[in-house]
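Open the model in your viewer and keep the sequence panel beside it. The tour below goes stop by stop: what to select, then what is there.

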Amino acid sequence: MTEELRDQYKIIVKFLAEALGSNYEVILHDINKPGANIAAISNSHISGRSTNSPITGFALELMQSKKYLETDYITNYKAKSKLNQNITGSTLFIKNGENLVGMLCINHDTSKFETLSNEILKLGNLDPKESKVIIEEAVEQLNESLEEIIENILNISPQDTHKLKPKQRIACIIKLYEKGIFNVKNSIPKVAKYMEISESSIYRYLQNIQKNS
């Protein structure tokens with residue numbers, strides 16, 4: 001994303017946050033060569049994130065799967081806040097031709113409305129729990145650290161990575177690559193620390209993966 005375009009969208013972030021109100025978090029993700037990062041955020045109390053926070057695992061999968069080539073935006077997907085509150089998310093893909101250069105995300109905290117609707121149902125002597133239909137689907141976790149995203153992908157705690165054999169380490173790096181972890185800014189040193197291997201080893205693994213892909 002160019003500096004001029006980034007500055008324009010930063011204004012849009014502030015505008016949307018003020019226009020929509022405090023129940024809406026607005027985030028600008030800048031997708032650049034060093035990696036994706038949060039360029040601007042308003043009403044950050046909803047997720048507890050800042051410009052130093054990584055993008056979510058869900059956003060990484062959108063990037064890696066190239067969902068942006070199929071559509072200009074996605075709306076009304078489920079997410080969870082740091083306090084386990086229900087959030088409704090929507091994302092606009094910012095593109096330059098077929099290249100993704102950024103994402104504008106809006107996260108709506110619907111927990112207050114759910115509480116209010118449940119109270120109204122109780123007034124009518126209706127049990128809100130009985131009326132719920134549970135549907136299993138992917139839910140975006142808004143407050144994940146990069147280490148948590150890595151652990152969720154690999155299903156291996158950092159305390160156990162030293163037990164991995166060379167082939168298992170390679171398999172882990174391939175899995176992280178396929179999930180788009182290395183699209184995140186400063187991800188290589190964090191993966192190296194998590195896996196207890198050198199950054200140069202990560203670069204060698206990635207070169208081999210890219211050659212064979």
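A nonpolar core is a set of buried Ala, Val, Leu, Ile, Met, Phe, Trp, Tyr and Cys residues joined through side-chain atoms within 4.5 Å. Keep in mind that this is a predicted model.

**Stop 1: the cores**

Select Leu-154, Ile-181, Val-191, Met-195 and Ile-202. These residues touch the most other members of the largest nonpolar core, which has 39 residues. That core draws at least three residues from each of domain 1 (3–114) and domain 2 (145–212).

Now show what surrounds Leu-154. Leaving out residues up to four places away in sequence, Leu-154 touches Cys-172, Lys-175, Leu-176, Tyr-194 and Met-195. A second, separate core has 12 residues, including Met-1, Val-13, Leu-16 and Leu-104.

**Stop 2: helix H6**

Select helix H6, residues 187–195. Which residues of H6 are buried? They are Ser-187, Ile-188, Val-191, Ala-192, Tyr-194 and Met-195. Look down the axis of H6: the buried residues fall within an arc of 165°, so they line one face of the helix. An α-helix has 3.6 residues a turn, so residues three or four places apart point the same way.

**Stop 3**

Most residues other than glycine have a negative phi.

Glu-196 sits in the loop between H6 and helix H7 (199–212). With a relative accessible area of 47%, Glu-196 is partly exposed.

Go on to Asn-155. Phi of Asn-155 is near 60°, again positive in a residue other than glycine. The loop that holds Asn-155 runs between helix H4 (146–154) and helix H5 (166–178). Is Asn-155 buried or exposed? Its relative accessible area is 70%, so Asn-155 is exposed.

**Stop 4: strand S1**

Select strand S1, residues 24–32. Of the 9 residues of S1, 7 are buried, so the strand is largely enclosed by the rest of the structure.

Show strand S5, residues 99–109. S1 and S5 run antiparallel and are joined by 7 bridges. For one of the pairs, select Val-26: its bridge partner in S5 is Ile-106.

Then show strand S2, residues 35–42. S2 also pairs with S1 in the antiparallel sense, over 7 bridges. Asp-30 stands opposite Asn-37 in S2.

In a regular strand the side chains alternate between the two faces of the sheet.

Stay on S1 and pick His-29. Its relative accessibility is 3%, so His-29 counts as buried. Which residues does His-29 touch, not counting residues up to four places away in sequence? The contacts are Met-1, Asn-37, Ile-38, Arg-49, Ile-55, Val-101, Gly-102, Met-103 and Cys-105.

**Stop 5: salt bridges**

Side chains of opposite charge can pair when their charged atoms come close. How many salt bridges does a search of the whole structure find? It finds 6.

Select Asp-30 and Arg-6. Asp-30 and Arg-6 are both buried.

Select Lys-179 and Glu-61. Lys-179 lies in the loop between H5 and H6, and Glu-61 in helix H2 (residues 57–64), so the pair ties together parts 118 residues apart in sequence. Lys-179 is partly exposed, at 32% relative accessibility. Glu-61 is partly exposed too, with a relative accessible area of 42%.

Finish with Lys-163 and Asp-160. Lys-163 counts as exposed at 57% relative accessibility, while Asp-160 is partly exposed, with a relative accessible area of 31%.

Definitions and conventions. Residues are numbered from 1 along each chain as its sequence is written. This is a predicted model: local features need pLDDT of at least 70, side-chain atom pairs count only at pLDDT 80 or more; totals for chains, interfaces and linings use all residues. Side-chain values use heavy atoms; hydrogens and water are left out. Helices (H or I, at least four residues) and strands (E, at least two) are DSSP runs, numbered from the N terminus. Buried means under 20% relative accessible area, exposed over 50%, partly exposed in between (1.4 Å probe, protein chains only). Contact means heavy atoms within 4.5 Å. Two strands pair if DSSP finds at least two bridges between them. A salt bridge is a side-chain nitrogen of Lys or Arg within 4 Å of a carboxyl oxygen of Asp or Glu. Domain bounds come from an automatic or database domain assignment. The arc is that of the directions from the helix axis to the C-beta atoms.
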